[in-house]
Amino acid sequence: AVVSTQSTGDEVARSMSTSVHHTLHRLYISNSQHDSTAFHAWDTYALFGFTGWPNLSPTSQDQEFRNSLITILRDFANNRTEGWGVYPNTTLFLGNGEVEMRNPTPQETQCNGLKELELLQYGWQN
């Protein structure tokens, strides 16, 4: 279901990127909690200092992710996007220990498959 949500978001972003009134920069976060392969809202917990989750002990890798995320968002909020390509040509990828520009977009193959099957026209429930 996450891929389908990702794909729908891609379609919206691609449409917006054709507007002369918008410049799109895309951040794709694939980082996950140190002992988990997936954690929805992990970026939110990281952004606010890992508070509100019982028995959570962030690792140094989790703290590095938090620091990278804060730097990226602060730079974006202050219009410091040099080196951050314009979408759809590039996507800034923040993963476990890596920050890099990527093209094609993450999960592009899966998204194209869903589009070919005409499944993006339906609502998805996660």
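A salt bridge here is a side-chain nitrogen of Lys or Arg within 4 Å of a carboxyl oxygen of Asp or Glu. The model is predicted, so local features need pLDDT of at least 70 and side-chain atom pairs count only at pLDDT 80 or more, while totals for chains, interfaces and linings use all residues. Residues are numbered from 1 along each chain as its sequence is written, and side-chain values use heavy atoms, with hydrogens and water left out.

Q: Why is the pairing of glutamate 98 and arginine 102 called a salt bridge?
A: Their side chains meet at 3.6 Å, N to O. The limit is 4 Å, so the pair qualifies.

Q: What makes Glu98, Glu100 and Arg102 a network?
A: Salt bridges link them. Besides glutamate 98, arginine 102 pairs with glutamate 100, with the closest N and O atoms 2.5 Å apart.

Q: How do you know that arginine 102 is partly exposed?
A: Look at its relative accessible area, 27%. Buried means under 20% and exposed over 50%, with partly exposed in between (1.4 Å probe, protein chains only), so arginine 102 lands in the middle class. Glutamate 98 and glutamate 100 also count as partly exposed, at 31%.

Q: What makes arginine 80 and aspartate 75 a salt bridge?
A: Their side chains come to 2.8 Å, N to O, so they pass that cut-off too.
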